[in-house]
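Here is a friendly briefing to read alongside the sequence and the 3D view.

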Amino acid sequence: MEVSFFVRSMNAGGAQRAMIRLATGFAEAGHTVEVLTLHADGSFRAELSPAVKVTTLGPKRIFAAVPALARHLRQQRPAALLVTEPACNISAILAKLISGTSSRILIRESLFPSRAVKEDPYRSTRLAYRLTPFFYRYADVIVSIAGDMTSDLARWARIEPARITTIRVNPVVTPALREAAAERPNHPWFEDRDVPIVLGVGRLHRQKDFMTLLRAFERVRATRRCRLLIVGEGPMREELEEARLACSFAEDIALPGFSPQPFSYMANCSVFVLSSRYEGQPNVLIEALACGAPVVATDCPSGPRDILAGGRYGRLTPVGDASAMAEAISATLDAPVDRDLSKSRGYEFTLEKSVALYIEALFPDKAAR
């Protein structure tokens, strides 16, 4: 089949990366795949299969791309168009309504609408969520990546829960991840095996709550030698840098910036911490498990409790509780979860499994055959 994907950027967050991986997975499964984007340059492009065609639509704003999307649907007539992010979802639905084609539109929801409409940094995202009750009903397939997110989306968009397909398997574990995890970390702290490294990875944004992680680390560091590495970039960099400098252990905290392949860090850290206030399904937590990292995660909505099976594969802590997080970090440093057990859980979220589930959601009759 000819299948198209629409992503805002090749260099953004987990939602975009998931779509890039799905595009590669569809191509590897034998389909003809084209990725439509507003910004073709970015670190995620390296993850695309050479078989995937990349087309830059022209406009740099999502809603301005609707005419180009409609033209693509009318001229190319792909069997399906897959999109994620609310503004892209609205644009894709509008494009289908304008084009009058029969291409199936699959929209993928990766956030809690009731939270994101208040806290997402992008105005286009907040606006799009307010439009979901008027547009999501016209999508052919609506995918949510967690059960409680399905309920939240159904209430917010005013659609029946039965219309939403919950796909909990994100396309996380790939051959590239395995290869990158085996590489040598390029940070000097990993040369000293005697000093444990606490690792956080993600966008430096209020949602990720790295401030709580920093406070928790300060408590741990007061009782034992260790270091904190927070890998990522974002609007809270200045605030986190100020907090680092104000900390008594500033020399043991580093914010080296964004890394498209943090997997060798995960494979070699002493404990990986997800400190988020809320998530969709945190790919970074699954990546850490697949790399064999002992993990600690907040019990935030949604994902960590399911991914860690209620605590079997890592310790869960209350959201925003630095004291509880510090205790969980210390306990993990003293008695980490077996790394092979972590890997076995992470490897349940493979690209192949995810692609099969998306094909089944799009074309159940074909999947059944």
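## Strands, a pocket and some local details

Leucine 199 has phenylalanine 272 as its bridge partner in E11. This is a predicted model, in which local features need pLDDT of at least 70 and side-chain atom pairs count only at pLDDT 80 or more, while totals for chains, interfaces and linings use all residues. Residues are numbered from 1 along each chain as its sequence is written, and side-chain values use heavy atoms, with hydrogens and water left out. Helices (H or I, at least four residues) and strands (E, at least two) are DSSP runs, numbered from the N terminus.

- E8 pairs with strand E9 (residues 227–231) in the parallel sense, over 5 bridges; two strands pair if DSSP finds at least two bridges between them.
- Within E9, leucine 228 is the bridge partner of valine 198.
- On the way from E8 to E9 the chain passes through helix H8 (residues 210–221), and this β-α-β crossover is right-handed; that term applies if, with the strands pointing away from the viewer, the path from the first strand over the helix to the second runs clockwise.
- E8 also runs parallel to strand E11 (residues 271–274), joined to E11 by 2 bridges.

- Which residues cover the two faces of E11? Val271 and Val273 lie on one side, Phe272 and Leu274 lie on the other, and all are buried.
- Valine 271 in E11 is the bridge partner of valine 198.
- E11 pairs with E12 in the parallel sense over 3 bridges, and alanine 297 in E12 is the bridge partner of leucine 274.
- The chain crosses from E11 to E12 through helix H11 (residues 283–290), in a right-handed β-α-β crossover.

**The second largest pocket**

- The second largest pocket holds about 320 Å³ of space.
- On a 1 Å grid over the protein atoms alone, a cavity is a set of points where a 1.4 Å probe fits but cannot get out, whereas a pocket is an open set with protein on both sides within 12 Å along at least five of seven lines; lining residues have an atom within 4 Å of a point.
- Grid points are joined across faces, edges and corners, and a volume is the space filled by probe spheres set on the points.
- The lining of this second largest pocket has 15 residues, and Arg61, Ile62, Phe63, Arg123 and Ser124 lie nearest its centre.
- Strand E2 (32–39), helix H3 (86–99) and helix H5 (123–135) each supply at least two lining residues, with H5 giving the largest share, 4 residues.
- By class, the lining has 7 nonpolar, 3 polar and 5 charged residues; Ala, Val, Leu, Ile, Met, Phe, Trp, Tyr, Cys and Pro count as nonpolar, Asp, Glu, Lys and Arg as charged, and the others, Gly among them, as polar.

**Cysteines**

- How many disulfides does a search of the whole structure find? The search finds 0, where a disulfide is a pair of cysteine sulfur atoms within 2.5 Å.
- The closest cysteine sulfur to that of cysteine 291 is in cysteine 269, 8.7 Å away, so the two are too far apart for a bond.
- Cysteine 291 counts as buried at 5% relative accessibility, and cysteine 88 is buried with a relative accessible area of 0%.

**Backbone details and a loop contact**

- Most residues other than glycine have a negative phi, and most peptide bonds are trans.
- Aspartate 209, in the loop between E8 and H8, is not a glycine but has a positive phi of about 50°; at 12% relative accessibility, aspartate 209 counts as buried.
- Alanine 309 also has a positive phi of about 50° without being a glycine; alanine 309 sits in the loop between H12 and strand E13 (315–317) and counts as partly exposed at 41% relative accessibility.
- Proline 301 and serine 302 are joined by a cis peptide bond, with omega about -10°, and serine 302 is in the loop between strand E12 (295–298) and helix H12 (304–307).
- Isoleucine 145 is in the loop between strand E6 (141–144) and helix H6 (147–157) and is buried, with a relative accessible area of 2%.
- The C-alpha atoms of isoleucine 145 and threonine 166 are separated by 5.5 Å, with the two residues 21 residues apart along the chain.

Technical notes
Buried < 20%, exposed > 50% of the residue type's maximum accessible area, 1.4 Å probe, protein only.
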